[in-house]
Amino acid sequence: MNMFHKLLFVVVSILLSAAVAKDLYSNTSPVNKLNSSNFAKRITNNRKKGISIVHFYKANDGSSSQIMKEYEKFTKDNKGMYELGAVN
């Protein structure tokens, strides 16, 4: 395999892995999905009002998937008590 084919293989692999990576939390999840656009509004600005809890995760990490189920349950059980969110 020449250098061009190796480089092409790497680029295609990266693009495919990015395309199949799914977000851990669905749109129907009680957990607020956070990003650079809404983090300050949801979390940083909440410091004076109360406690914020954020799950920083990697979508394709097995332990994050296990934590997700418990975090969603915690979010449902404590709705309104804390500002809860997750960042991929």
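# Close-up views of the sheet, core and ring pairs

View A. V54 has G85 of strand 3 standing opposite; strands (E, at least two residues) and helices (H or I, at least four) are DSSP runs numbered from the N terminus. The model is predicted, so local features need pLDDT of at least 70 and side-chain atom pairs pLDDT 80 or more, whereas totals for chains, interfaces and linings use all residues. Residues are numbered from 1 along each chain as its sequence is written, and side-chain values use heavy atoms, without hydrogens and water. Strand 2 and strand 3 (residues 83-87) are paired in the parallel sense, with five bridges between them; pairing requires at least two DSSP bridges. Opposite E83 in strand 3 stands S52. Helix 3 lies across strand 2 and strand 3, and runs at about 160 degrees to strand 2 (axes fitted to C-alpha atoms, for helices over the stretch in contact; angles from 0 to 180 degrees between N-to-C directions).

View B. Three helices and three strands are present in the chain, and from the N terminus on they follow the order α-β-α-β-α-β. The three strands form an open sheet in the order 1-3-2, with parallel pairing. Strand 1 and strand 2 are the edge strands, each pairing on one side only. From one strand to the next, the twist averages 35 degrees. Strand 1 pairs with strand 3 in the parallel sense over three bridges. L34 has V87 as its bridge partner in strand 3.

**View C. Cover on both faces of strand 3.** Five of the five residues of strand 3 are buried, and the strand is mostly covered (buried is under 20% relative accessible area, exposed over 50%, partly exposed in between; 1.4 Å probe, protein chains only). E83, G85 and V87 are buried on one side of strand 3, and L84 and A86 are buried on the other. In the chain of 88 residues, buried residues make up 24%.

**View D. A86 and its surroundings.** Residues up to four places away in sequence aside, A86 touches Y25, V31, N32, K33, L34, V54, H55 and Y57 (contact: heavy atoms within 4.5 Å). N35 belongs to the loop between strand 1 and helix 2 and is partly exposed, at 40% relative accessibility. Among contacts in the chain with a separation of 6 or more, 65% are between residues 24 or more positions apart.

**View E. The largest nonpolar core.** Nine residues make up this core: L24, Y25, V31, Y57, A59, M68, Y71, L84 and A86. Helix 3 and strand 3 are the elements that give two or more residues to this core. A nonpolar core joins buried Ala, Val, Leu, Ile, Met, Phe, Trp, Tyr and Cys through side-chain atoms within 4.5 Å.

**View F. Aromatic pairs.** The whole structure holds three aromatic pairs (ring centres of Phe, Tyr and Trp, the last by its six-membered ring, within 6.5 Å; planes under 30 degrees apart are stacked, over 60 edge-to-face, the rest tilted). Y25 and Y57 form an edge-to-face pair, with ring centres 5.4 Å apart and planes at 75 degrees. This pair links distant parts of the chain, 32 residues apart: Y25 is in the loop between helix 1 (3-20) and strand 1 (32-34), and Y57 is in the loop between strand 2 and helix 3 (62-77). Y25 is buried at 1% relative accessible area, and Y57 is buried at 8%. The rings of F74 and Y82 are stacked, because their planes lie at 20 degrees, with centres 5.9 Å apart. F74 is partly exposed, with a relative accessible area of 32%, and Y82 is partly exposed at 29%. Y25, Y57 and Y71 are linked into a cluster by ring pairs.

**View G. N46 in a loop.** N46 sits in the loop between helix 2 (39-42) and strand 2 (52-56). With a relative accessibility of 11%, N46 counts as buried. Its contacts, neighbours within four places in sequence left aside, are I51, S52 and E83.
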